[in-house]
Amino acid sequence: MKVSEVIKKIKEYHTENNINKNTTRDKVLFNHVEEECTGIVITTWASIDVIKKAIKLGANLIVSHEALFWNHGDHTDWLQYKDNATYLLKKKLLNEHKITVWRDHDHVHYAGIPVNGKMVDGIFYGVAKLLGWDKYVVEGKDSSPRYGLTRYRQFTIPETTAFDISQKLIKVGNLNGTKIYGNPKTKVKNIIIPGHNLGDAKDIITKVDKENIDLVLEMETIDFTLSEYIRDSSMLGLNKALVTIGHFNLEEFGMKYMVEYLPEIFDNKINCTFVQSGDMYHYDVAKF
């Protein structure tokens, strides 16, 4: 089966519902689609190490959740024009081994995957499933804001602590660490995974306050707005904490879950392997 046919079958599994073909981010980011597919690597971001792992596995299709060349829309003209050294070397590596990179972002999020007769957000279902929270999802307009899909973004779990959640994320995600805002001993049961936090956070702060959210499990976070609010709340003795592992690390749970269903699409005749892109940074922890 050619790589192009493999990509077509994955799209059909998601269905094309809710996908605008003119604006979707789900494009072939690097093109050798007429080659016979020798294996699939699933990852969040096709880093150099991920590409090398695909080569070692003999896989020539990388299904990546995020962009390949470091910008929204994955434009490469500016890199080619400036003879960017990293771009040219990465391109050479992909070309030498005839690897295709296809981005699966909108399909897995907004068309979804079938679960128990309905379509759900495949990324956050994967997060919930691997953490054992799928049975604790809070359904409704706030957890299902897009396209009628359950998005698995709000949960009521058995009471635990922010620290225990942090440890679970590290273990399940094979991570080096997390960041905890507020008291690590904060008792938590009402949890929300909000959208991107890149600045203004009035809506999420209001939701956390009015709906008694104990823990915000954040993708990316910044030092002002939401983080400040959580710290002040905790210092006042209110039951609020935030744990973050980074955008890629959190959504990687959902890409990892793909290996549970992707092989079945091809009757287990194409090898599908999850390769972790992993922490974007190293932790240097103070030693006293």
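Asp279 is in contact with Leu175, Asn176 and Asn249, leaving aside residues up to four places away in sequence. In this predicted model, Asp279 sits in the segment after strand 12, which covers residues 272-274. The points below start with Asp279, go on to other residues, and end with the chain as a whole.

- The side chain of Asp279 makes a polar contact with the side chain of Asn249, at 2.8 Å.
- Asn249 is also one of the residues that Asp279 touches.
- Asp279 counts as buried because its relative accessibility is 19%, and the limit for buried is under 20%.
- Asp279 and Gly177 are 102 residues apart in sequence, while their C-alpha atoms are 8.8 Å apart in space.

**Asn190, in strand 9**

- Asn190 belongs to strand 9, which runs over residues 187-192.
- With a relative accessible area of 16%, Asn190 is buried.
- Not counting residues up to four places away in sequence, Asn190 touches Phe155, Thr156, Asn212, Ile213, Asp214 and Leu215.
- With one of these, Thr156, the side chain of Asn190 makes a polar contact, side chain to side chain, at 3.1 Å.
- A polar atom of the Asn190 side chain also lies 3.2 Å from the backbone oxygen of Asn212.

**Thr161, in strand 7**

- Thr161 is part of strand 7, residues 154-161.
- The side chain of Thr161 reaches the backbone nitrogen of Asp164 at 3.0 Å.
- Beyond its neighbours within four places in sequence, Thr161 is in contact with Pro184, Lys185, Thr186, Lys187 and Val188.
- Among these partners of Thr161 are Lys187 and Val188, and strand 9 covers residues 187-192.

**Leu169, in helix 7**

- Leu169 lies in helix 7, which covers residues 162-173.
- Leu169 is buried, with a relative accessibility of 0%.
- Its contacts, apart from residues up to four places away in sequence, are Leu131, Asn174, Leu175, Leu217, Val243, Ile245 and Phe253.
- Ile245, one of these contacts of Leu169, is 76 residues away along the chain, and the two C-alpha atoms are separated by 8.0 Å.
- Leu175 is touched by Leu169 and also by Asp279.

**Ala59, in a loop**

- Ala59 is found in the loop between helix 2 (48-57) and strand 3 (61-64).
- Although it is in a loop, Ala59 counts as buried at 7% relative accessibility.
- Ala59 touches Thr38, Gly39, Ile40, Val41, Ala54 and Ile99, with residues up to four places away in sequence not counted.
- Ile40 is 19 residues from Ala59 in sequence, and the C-alpha atoms of the pair are 5.4 Å apart.

- Thr15 has a phi near 75°, a positive value in a residue other than glycine.
- Thr15 lies in the loop between helix 1 (3-14) and strand 1 (28-30).
- At 23% relative accessibility, Thr15 counts as partly exposed.
- Thr225 is not a glycine either, and its phi is positive at about 60°.
- The loop that holds Thr225 runs between strand 10 (215-218) and helix 9 (226-235).
- Thr225 is partly exposed, with a relative accessible area of 21%.

**The chain as a whole**

- The secondary structure comes to 11 helices and 12 strands.
- The chain has 288 residues, and a compact globule of that length would have a radius of gyration near 19 Å; the value of 20 Å for the chain agrees with this.
- Along its principal axes, the C-alpha trace spans about 60 × 50 × 35 Å.
- Of the 288 residues, 52% are buried.
- Counting contacts between residues at least 6 apart in sequence, 72% join residues at least 24 apart.
- The chain exposes about 14500 Å², and carbon and sulfur atoms supply 50% of that area.
- There are 37 positive and 38 negative side chains, and the centres of the two sets lie 2 Å apart.

How values were computed. Residues numbered from 1 in each chain as written. Predicted model: local features only at pLDDT ≥ 70, side-chain atom pairs only at ≥ 80, totals over all residues. Heavy atoms only, no water. Helix = DSSP H or I, 4+ residues; strand = E, 2+ residues; numbered from the N terminus. Rg over C-alpha atoms; globule rule 2.2 N^0.38 Å. Buried < 20%, exposed > 50% of the residue type's maximum accessible area, 1.4 Å probe, protein only. Contact = heavy atoms within 4.5 Å. Areas by Shrake-Rupley, 256 points an atom, 1.4 Å probe, with all protein chains shown as cover. Lys, Arg positive; Asp, Glu negative; His and termini not counted. Charge placed at Lys NZ, Arg CZ, Asp CG, Glu CD. Polar contact = N/O pair within 3.5 Å; in protein donor to acceptor, adjacent residues only side chain to side chain.
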